[in-house]
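My notes follow in the order I checked them.

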Amino acid sequence: MRIAVVGGGMAAARFAERYAALGGSGAVTVYGAEPRAPYNRVLLAEVLTGRYDAESIALPLGGASARPGCEVVALDLAARTLGLADGTVEPWDELVLATGANPVLPPVRGLRRPDGYGLAEGVHTLRTLEDCARLAEEAVGAKRAVVIGGGVLGVSAARALAALGVRTEIVHQAPHLIERQLDGEAAAVLRERLQALGVDCYTGNRARAVHGGTGVPPAGGRGSVGSVELASGYRLDCDLVVLACGTRPRTGLAHAAGLPVATGILVDDRLAAAPHVAAIGDCAEHRGTVHGLAGPAWDQADVLARRLSGAEPDARYPGTSPRARLSTGDLEYAAFGAVDENLDPGLDVLRLTDATRGSYKKLVLRGDQLVGAILLGDLATVDALAGAFADGGALAGHPLHLLTRGTAMTGEAR
């Protein structure tokens, strides 16, 4: 059996590695448009700081054949072939679409070059190793940067730039940082920690335009960005702009082939989009949800590997409970499940804070059931929390043990 995996990202690598580990006997080929074999995108900010190099974040493929620099431009589902950008046509028996997602470009004036092709000088995304290399080069000698977007990527990028000595400001439209996974109290603690690292935050603000400076790149080859204008009219001076406004599933290939597409490529519980065609990761939409996170992508890859390898032919993907984890330099957090207790009056909360250490911990409970949790600044009990969620949230004993290991903290329970 010939399995073609289209896309050279984290979901593709995970599927290939698990398929081999489970004894799959088919020949797996991973086609990637980027010039490098799959790597861990979660660590791009750490590559930016120099903590890791490009080689150290490479992902194992379990013996699969890697075809980097081979962009797939066409699919023929009836003939079971794919067409590459160089004109080559390759056959397949099973097709796995792991095409990932593209960075979202917000409606901000001045982001693009005057001819409309590509980003303006000094404006960056952070999605690939090539993006990372360009940003690292321009960060040399830069004094100020503005990151547009205060989600996980925006916070990671801002922390990395600050570690390089660049004064950085985050502009985020939502009321607080990382609003999808943190509550307001946790975000306030995170904001204080960022400020201590040299990162200022403008939440509840929208960027309206990027303005150039003198129009002449300064010494060192950096771009001519001069400032970011907020909706209020206030301008933030800067040398660099980083866009971290989320991603959009890359579905053009699937749509052109006639596969069902909404926000992402529509898949069922088998992760199938059509006979002999599956989709996983950032490009897949399952039960109306596009996760856009590494954890669910790997869950999907694991299920598909079990099914196609024959280890579990009837494997099904039930969905992934919301969870996220960030560990970048001095900033660490983990979030599980539902973290906003205000959405359900039947929920109880156990919350512990430590202003001295800059940590915040919270459990959201429904009776003896754990439905959500946040750890920020102290992840000592993250494994216990992850285990509780893996067991369906059932708690044995007082839930306080999931938050503390003998640490003296101030607390509130209700």
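Which residue of β14 is the bridge partner of His 211? I looked it up and found Ser 227. I note that this is a predicted model.

**Sheet**

I then traced the strands around that pair. β13 pairs with β14, residues 225–230, in the antiparallel sense, and I counted five bridges. The open sheet has three strands in the order β13-β14-β15, with antiparallel pairing. Its edge strands are β13 (207–212) and β15 (235–237), each of which pairs on one side only. On average, neighbouring strands in this sheet are turned by 25 degrees against each other, direction ignored.

**Thr 203**

Next I went to strand β12, residues 199–203, which contains Thr 203. Is Thr 203 buried or exposed? I put Thr 203 down as buried because its relative accessibility is 18%, and the cut-off for buried is under 20%. Leaving out residues up to four places away in sequence, I listed its contacts as His 172, Ala 174, Pro 175, His 176, Leu 177 and Arg 191. For Pro 175 I also noted that its backbone oxygen lies 3.4 Å from a polar atom of the Thr 203 side chain.

**Helix α3**

Last, I checked α3, which spans residues 129–139. I found Leu 129, Asp 131, Cys 132, Leu 135, Glu 138 and Ala 139 buried there. What do the buried residues of α3 pack against? I recorded α2 (44–49), β9 (123–125), α4 (152–163) and β16 (240–243). Just after α3, I noted a positive phi of about 85 degrees at Gly 141.

Methods:
Residues are numbered from 1 along each chain as its sequence is written. This is a predicted model: local features need pLDDT of at least 70, side-chain atom pairs count only at pLDDT 80 or more; totals for chains, interfaces and linings use all residues. Side-chain values use heavy atoms; hydrogens and water are left out. Helices (H or I, at least four residues) and strands (E, at least two) are DSSP runs, numbered from the N terminus. Buried means under 20% relative accessible area, exposed over 50%, partly exposed in between (1.4 Å probe, protein chains only). A polar contact is a pair of N or O atoms within 3.5 Å; within protein, one must be able to donate a hydrogen and the other to accept it, and residues adjacent in sequence count only if both atoms are side-chain atoms. Contact means heavy atoms within 4.5 Å. Two strands pair if DSSP finds at least two bridges between them. Axes are lines fitted to C-alpha atoms, for helices over the stretch in contact, and angles run from 0 to 180 degrees between N-to-C directions.
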